[in-house]
Amino acid sequence: MQVPGFSRGYLTQRHHATVLMAAPGNLCRLTATIVRQGKQPAATYAVRTLIVSGEKLPTRQRSYLASAWQATVISLYGAAETDSLAIECRQCHAHKLLSDYFFFERLCGDEAQSLPLHPRTALSGELVVTILYRQGTPLIRYRLGDMVRVLSACDFCHHLSLPTLHIIGRVIPSVTLSDGTKLYSYQVERALERAISGPFCCQVTLTQEHGRARLHRVVFCEQVESGQEARLQEYLGEASLDLADALRAGVVASIEVVCKNLAALPLNQSGKVVTLSDHQTDR
Ligand SMILES: [Zn+2]
């Protein structure tokens, strides 16, 4: 909760905090706000460690935060229901799954089948987790909504015989078009990475007009350049082959893009970015 007059920036400075912990989008917004005030975070605050959790940390956001704060950035991977699921390798930044405490599975393409996550099989899938350490309680399988891929360990972390994971992005929430095409937030992020050089966050809203879908996207980035919105519109149409087909078939009437500064990024009550929202009235 934000208390007037007691912003996080004020409290951080007042108490000489050396560690800040928040979701990455939240920290990017704070950083952009400080920069917009004409200040440099590293010169203004004593913070030397940033701990991020709750959202995927894209490489560009990591570089942006590390550079602006001159701080070490540590990414935690876990969920409220499970606590920490992995530790981060400080060399390759992949996540090493704590497989002594959890049983990990991967949902296969049609979501009807799951397979144990094999440490040496580099396949992608949605992660499913079962907690093994709570003795005397039923085993519960959690579908966390994260698309992941198993990686090879780097030279620094290979001695830890734990599965090494790359978090691709969120598959929940998704939006569904009238022809059944699904669009995931990680597809949007991947398409935007090709068109934007710096850190960014994106919000997609799906609305409906005369039975056809309209995709409205607000991209929050460090600097808004001229002509950027038209360029992003083009790239976003290629976010997935299915979306490109839906555009050609007229299921999607239009894609609109608006760019804003990262400092204007709206967050939900948990301090996270709402990446996709579906406002279609009837389907
Ligand atoms: Zn590593």
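How many bridges join strand β14 to β17, and in which sense do the two run? Three bridges join β14 (residues 200–209) to β17, and the two strands run parallel, where strands (E, at least two residues) and helices (H or I, at least four) are DSSP runs numbered from the N terminus and two strands pair if DSSP finds at least two bridges between them. This is a predicted model, in which local features need pLDDT of at least 70 and side-chain atom pairs count only at pLDDT 80 or more, while totals for chains, interfaces and linings use all residues. Residues are numbered from 1 along each chain as its sequence is written.

**Domains**
- The chain is divided into domain 1 (8–75), domain 2 (80–169) and domain 3 (174–278), with bounds that come from an automatic or database domain assignment.
- The centres of domain 2 and domain 3, taken over C-alpha atoms, are separated by 28 Å.

**The four-stranded sheet**
- β14 and β17 belong to an open sheet of four strands with mixed pairing, in the order β16-β15-β14-β17.
- Because β16 (252–261) and β17 (276–278) stand at the edges with a single partner strand each, one side of each is left without a neighbour in the sheet.
- From one strand to the next the twist averages 15°, angles being taken from 0 to 180 degrees between N-to-C directions, with axes as lines fitted to C-alpha atoms, for helices over the stretch in contact.

**Hairpins**
- Strand β4 (residues 77–79) and strand β5 (residues 83–88) run antiparallel and are joined by three bridges, one of which pairs Ala 79 with Asp 83, and the hairpin that they form has three residues between the strands.
- β5 also pairs in the antiparallel sense with strand β6 (residues 95–97) over three bridges, with Ile 87 opposite Lys 96.
- Six residues lie between the strands in the hairpin of β5 and β6, where His 93 takes a positive phi near 65°.

**Helix packing**
- Helix α2 (residues 24–36) packs with helix α4 (residues 59–69) at an angle of about 45°, their axes being 10 Å apart.
- The contact involves Pro 24, Leu 27, Cys 28, Thr 31 and Val 35 of α2, together with Gln 61, Tyr 64, Leu 65 and Ala 68 of α4.

Key:
Two residues are in contact if their C-beta atoms, placed from the backbone, lie within 7 Å.
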